[in-house]
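Thanks for coming, everyone. Please look at the sequence and the model on the screen, and I will walk you through a few parts.

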Amino acid sequence: MNPLLDRLQPYPFEKLRALFADVTPNPAFKPISLGIGEPKHPTPAFIQQALSDNLNGLASYPSTIGAEPLRAAIAGWLERRYGLPPLDPATQILPVNGSREALFALAQTVVDPAQKDALVMCPNPFYQIYEGAAYLSGAQPYFVNSDPARNFAPDYRSVPDDIWPRVKLLYLCSPGNPTGAVLSLDDWKELFALSDRHGFVIAADECYSEIYFKPEAPLGGLQAANMLGRSGYPRLIAFSSLSKRSNVPGMRSGFVAGDAAILKKFLLYRTYHGGAMSPPVQAASVAAWNDETHVVENRAKYMAKFQQVTPVLQTVLDVALPDAGFYLWAKVDKLTNISDTDFAKRLYAEYNVTVLPGSYLARDAHGSNPGRQRIRMALVAEVDECLEAAQRIAAFCRAL
């Protein structure tokens with residue numbers, strides 16, 4: 001067996017199941033889960049129809065590079081959304097089966113397994129795929145803690161100078177999971193300068209880009225590169241997905257875009273890896289990327305939800321409306337000194353509400369765990385259920 005598999009930690013939801021193993025939740029309350037970031041809004045009917053209308057595509061093998069109409073639809077969306085100059089769908093766009101598998105696979109393409117001291121830089125807290133991708137590529141993850149004083153952006157200036165030459169790939173998530181933080185143009189400028197100096201690839205995970213609460217849409221990596229005059233997007237790969245934008249997590253449809261030289265090698269890897277998208281899913285994805293009305297409606301639902309739920313929780317927790325995304329990242333020790341795991345366990349036992357301990361989403365690094373004494377709440381259900389959960393959490397906190 002591959003010994004690198006032994007380095008992988010249990011996924012956060014496995015840890016949560018173990019935490020709850022000996023707990024019987026209060027039967028007086030129906031269960032409400034804010035633990036998993038799985039969209040619960042209905043899938044738009046026109047996307048379902050497009051999928052159904054193209055089932056005859058199941059009779060054909062798909063190509064790894066994807067059909068031209070899909071790559072053109074993705075390029076068109078990127079150009080409209082981020083104000084980009086025309087992209088080349090043949091060389092700068094690659095459809096993927098959800099961003100998760102592509103985020104993992106990119107490390108296997110970028111990292112040289114012969115370099116024994118290679119590092120993959122990750123934000124902390126983080127999406128656990130980054131860490132697994134680092135280990136199974138033969139590299140080590142290096143965590144950069146988020147800083148509440150910097151709107152939870154990782155503090156890259158804290159990284160020692162001797163670390164940067166070893167970095168081969170840098171994962172970032174903007175808007176962030178779990179913090180909802182969006183990188184600024186100055187943040188991007190700093191990262192691009194570091195990438196130019198040390199030659200590492202930037203993997204920009206932007207899956208939450210279309211759920212936001214400010215008038216201006218979140219800045220994207222390709223957009224920042226274009227604004228800073230970085231023609232061709234050197235050493236930059238952006239990842240996005242329809243899962244959150246269009247409420248189709250089961251469709252497993254996303255894309256990568258950016259540096260054509262890296263994507264050429266990534267396509268070669270994926271050709272052997274077997275990463276081709278099903279033709280019916282490709283057709284439904286074309287329909288989804290070409291329509292913005294359902295995205296605006298979906299965003300309005302989240303905005304209404306957060307506007308009602310956040311004030312309820314602010315009476316008992318240290319929590320604020322995020323820049324974007326569908327998570328609330330709350331500090332739980334406002335009223336009493338309680339750990340995030342005890343908070344989650346007792347809340348589940350007493351009020352049958354599931355939240356995810358923040359320490360499960362982070363690692364001990366540089367003397368601290370930036371998720372400790374925080375919880376992540378995924379406001380993915382309809383507004384009434386989320387509001388009831390918030391009211392139960394408020395009652396639980398007042399009783400502490």
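Start at strand β13: there, A330 has I375 as its bridge partner. Before I go on, a word on the source: this is a predicted model, where local features need pLDDT of at least 70, side-chain atom pairs count only at pLDDT 80 or more, and totals for chains, interfaces and linings use all residues. Residues are numbered from 1 along each chain as its sequence is written, and side-chain values use heavy atoms, with hydrogens and water left out.

Helices (H or I, at least four residues) and strands (E, at least two) are DSSP runs, numbered from the N terminus. Two strands pair if DSSP finds at least two bridges between them. Buried means under 20% relative accessible area, exposed means over 50%, and partly exposed is in between, with a 1.4 Å probe and protein chains only.

Back to the strands. β13 covers residues 374–378. Five bridges join β10 to β13, and the two run antiparallel. K331 is paired with R374 of β13. Strand β12, residues 356–357, is also antiparallel to β13, with two bridges. Here L356 has R376 as its bridge partner.

How many residues of β13 are buried? Five of its five. R374, R376 and A378 point one way, while I375 and M377 point the other way. In a regular strand the side chains alternate between the two faces of the sheet. What about β10? Four of its five residues are buried, so β10 is largely enclosed by the rest of the structure.

Next, D318. It sits in the loop between α11 and β10, the latter being residues 327–331. Is D318 buried or partly exposed? D318 is partly exposed, because its relative accessible area is 44%. Contact means heavy atoms within 4.5 Å. Not counting residues up to four places away in sequence, D318 touches W329, A330, K331 and K334.

Now helix α11, residues 293–314, which holds H294. H294 is buried, because its relative accessible area is 7%. Its contacts, again leaving out residues up to four places away in sequence, are P44, F46, I47, R245, S246 and A288.

With a relative accessible area of 3%, T310 is buried. Its side chain reaches the backbone oxygen of F306 at 2.7 Å. Beyond neighbours within four places in sequence, T310 is in contact with A320, L321 and L328.

On to a helix pair. Helix α12 (residues 340–351) packs against helix α13 (residues 383–399) at about 110°, with axes 10 Å apart. That makes α12 roughly perpendicular to α13, a label for angles of 65 to 115 degrees; under 35 is roughly parallel, over 145 roughly antiparallel, and the rest oblique. The axes are lines fitted to C-alpha atoms, for helices over the stretch in contact, and angles run from 0 to 180 degrees between N-to-C directions. On the α12 side, F343, R346, L347, E350 and Y351 meet R392, I393, A395, F396 and C397 of α13.

Last, the cysteines. A disulfide is a pair of cysteine sulfur atoms within 2.5 Å. The whole structure has zero disulfides. For C122, the nearest cysteine sulfur is that of C173, 11 Å away. For C207, the nearest is also that of C173, at 7.0 Å. C122 is buried at 1% relative accessibility, and C207 is buried at 8%.

Terms used
A polar contact is a pair of N or O atoms within 3.5 Å; within protein, one must be able to donate a hydrogen and the other to accept it, and residues adjacent in sequence count only if both atoms are side-chain atoms.
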